[in-house]
2 protein chains.
Amino acid sequence: MSELFAKRAADLSGSAIRATFKLLADPEIISFAGGAPSPEVFPKKELAAISEAIFLEKGNLALQYGITEGYDPLREFVKARLVKQGVIGESESVVITTGGQQVIDLITKVLVNDGDVVVVESPSFVGGLNCFRSYNAEMIGVPVDKDGMNLEYLENEVLKKCKVKLLYTIATFQNPTGITMSLEKRKELLELASKYDFYILEDNPYCELRYRGEAVAAIKSMDEEGRVIYAGSFSKTLSPGLRIGFFSARSEILEKMVVCKQVTDVHTPVLNQLICYDFVTKYDYDAHIKKSCDLYGHKSALMLQCMDEYFPSYCDYTRPEGGLFLWCNLPEGFDGDALFKKGVENKVAFVTGSSCMVDQSKKYPCFRLNFSNSSDENIKKGISILADVIKSME
Amino acid sequence: MSELFAKRAADLSGSAIRATFKLLADPEIISFAGGAPSPEVFPKKELAAISEAIFLEKGNLALQYGITEGYDPLREFVKARLVKQGVIGESESVVITTGGQQVIDLITKVLVNDGDVVVVESPSFVGGLNCFRSYNAEMIGVPVDKDGMNLEYLENEVLKKCKVKLLYTIATFQNPTGITMSLEKRKELLELASKYDFYILEDNPYCELRYRGEAVAAIKSMDEEGRVIYAGSFSKTLSPGLRIGFFSARSEILEKMVVCKQVTDVHTPVLNQLICYDFVTKYDYDAHIKKSCDLYGHKSALMLQCMDEYFPSYCDYTRPEGGLFLWCNLPEGFDGDALFKKGVENKVAFVTGSSCMVDQSKKYPCFRLNFSNSSDENIKKGISILADVIKSME
């Protein structure tokens, strides 16, 4: 029986976050665990009208097989937006995927052999870590400083010691820390990629959700050697349930990813691409995003204010300028997993630090909080409870 | 540069069918190449009403993240249907996937190591073959007789000579031949699986499209050792563009596939699952399927009648009792790829035999015809042209 599964799948188990969600079925629990946008901003009425019209006017297109690369007008829309943002050039192209997660899957399948080294931020996005695990990649975590990945550590402790194939970064409003990599570090990272010959997956689903500060240029925008695969998504700005993501990469890599997408799900559902396209072109997409930013800006400020008020002073947390998450460090030795258990007993939940790490077997004194998907009342109440739980464990 | 891609991706190229589709952009071409259902049966009005109501009444559910296993009511609907058809038992469960193709991807990822042997029917479904290629499987083709896979060949030429991990069969209305495996062979195949310890992926997207003859029990229905992974789909009975497939497998395998699905696309779009569920429960799904069967039964009969009339007598073709395809064999030495080229010059297209084979580099004297997606007029005209092209190459 031990030989039933392929090597890559043998040790694979469900993500801790997923297990967490099942535990959170209790409706009394205040959950800061998810990574979902607020349903308050879902444009339900608009999409009701859009979807009805699509079936009546373009039903055959919506219901028939589509092409693997995606619905051309949506590809053009995304491309134009990325060109305008300076992320890609006019000669580059965009492919639509079934959510941003699929980009991680496709690029890993295309680039990473069993045992190849993938560098990740430590902590990083659980779905990314699990994807690399599912291809038997050798993952190495690099600490994240206040201005992004620690590049000295990266060069001295990783690049000088082993051959790296791919580096995975959520450079803007990082999941789970909310940290944004500085422009200087982005440039230096590209230099390192060139010097040590590795590729960069720049996963950028949160960039449009900036509610404070100045935008930092995408790593992809400065990539002169075709080393960056850029992933984006409509999951955080429109809807995660529709599963619309996208990527851009140099043509040789892009084409291989398209072939792999074809054998994975043939194409992203056409209906969803049409709905997305109609919404972003018939309505004011920027105004819609601004609504999300205002809401999340407010919620993050409220959560931080509550933390400032209730949390013990030894708690050290990030103050993100955008995105959906913040990250809290407790003193060394504090057991984040035990905190999680006790939190749930007291009806408040979050994502443990350990689930965001390469080595999930250790205890970590840190955790992730999501603020986008809780009411103001629950943010106040939940943070207050969590503060008490932390103090009770001193 | 040769080391850019992972081994599994290095030699991967787009499917011949996909290339074919691009070639077929010419609207004057009569295409028997696709595998698409007829838009005539798409329930566009019903889905317009359904989708509008979903956004207005269950918008938050449709637009938010869902669980990886799928929307529970839809899972229960599919399960009840499979239980009623005798395919699975009450204790088994069903997972929703992003199209039936994803089942092939997930089970290969979960079971097949680099170089493991996957047995396929020869000819087989291009999307299946390409998926196995994308995991570096060692594929072996086994000829398909009038009553399904040649099991003598399978045992003597394959199973006795090497260790097989997975066998892929489209046992009912096979793609591309339209052939259905006999009940006796299904039982014998299960015995061989037990004797030689391999697993069976029973890909069954066409089974509900039977317009003549008696249903044959699914291989899964007779599987006592948990060796069969059963894949189904709404692509041929409702809509391929919605990308809703499903699978059932013994829990240990099912759970591993769910973990792999989570890192691939998190979950199948919720909206599409809600639309599918509402259609199959609020409308008469069986009557809808019967409409498709009547249409495809008529179209296949018409195509066969035209072939009987126009094709030279040395053409040997299948007479399927269901599904979307029939298969035509020409005498040994006939070049199917050259026929394709000449066909397209004369504005008629099909899928070449070579694209359905493990070794695509050879010439094969055979081809696949799809009848579901052409008008009666085009069936008559296209078959007449094709007959002339064949004769011109004698």
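The model is predicted. In it, 82 residues of chain B are in contact with 82 residues of chain A. Together the two chains bury about 6,500 Å² between them.

**The interface**
- Carbon and sulfur atoms account for 58% of the buried area.
- The rule finds two salt bridges across the interface of chain B and chain A.
- One salt bridge joins the side chains of A:K109 and B:D105, at 3.5 Å from N to O.
- Elements giving two or more residues to chain B's side include α1 (7-10), α2 (16-23) and α3 (44-63) of chain B.
- α3(B) gives the most, with 12 residues.
- Chain B's side divides into 36 nonpolar, 26 polar and 20 charged residues.

**The sheet of chain B**
- Eight strands form an open sheet with mixed pairing, in the order β2-β9-β8-β7-β6-β3-β4-β5.
- β2 (95-97) and β5 (148-149) of chain B stand at the edges with a single partner strand each, so one side of each has no neighbour in the sheet.
- β4 (residues 138-145) of chain B pairs with β5(B) in the antiparallel sense, over two bridges.
- B:V144 stands opposite B:M149 in β5(B).

**Helices on the sheet**
- Helix α4 (residues 72-84) of chain B lies across β2, β8 (228-233) and β9 (245-248) of chain B.
- α4(B) runs at about 110° to β2(B).
- α5(B) packs on the sheet and touches β2, β6 (164-169), β7 (199-203), β8 and β9 of chain B.
- The direction of α5(B) makes about 170° with that of β7(B).

Notes
Residues are numbered from 1 along each chain as its sequence is written. Chains are lettered from A and ligands numbered from 1 in the order in which they are written. This is a predicted model: local features need pLDDT of at least 70, side-chain atom pairs count only at pLDDT 80 or more; totals for chains, interfaces and linings use all residues. Side-chain values use heavy atoms; hydrogens and water are left out. Contact means heavy atoms within 4.5 Å. Buried area is the accessible area (1.4 Å probe) that two parts lose on being put together, summed over both. A salt bridge is a side-chain nitrogen of Lys or Arg within 4 Å of a carboxyl oxygen of Asp or Glu. Helices (H or I, at least four residues) and strands (E, at least two) are DSSP runs, numbered from the N terminus. Ala, Val, Leu, Ile, Met, Phe, Trp, Tyr, Cys and Pro count as nonpolar, Asp, Glu, Lys and Arg as charged, and the others, Gly among them, as polar. Two strands pair if DSSP finds at least two bridges between them. Axes are lines fitted to C-alpha atoms, for helices over the stretch in contact, and angles run from 0 to 180 degrees between N-to-C directions.
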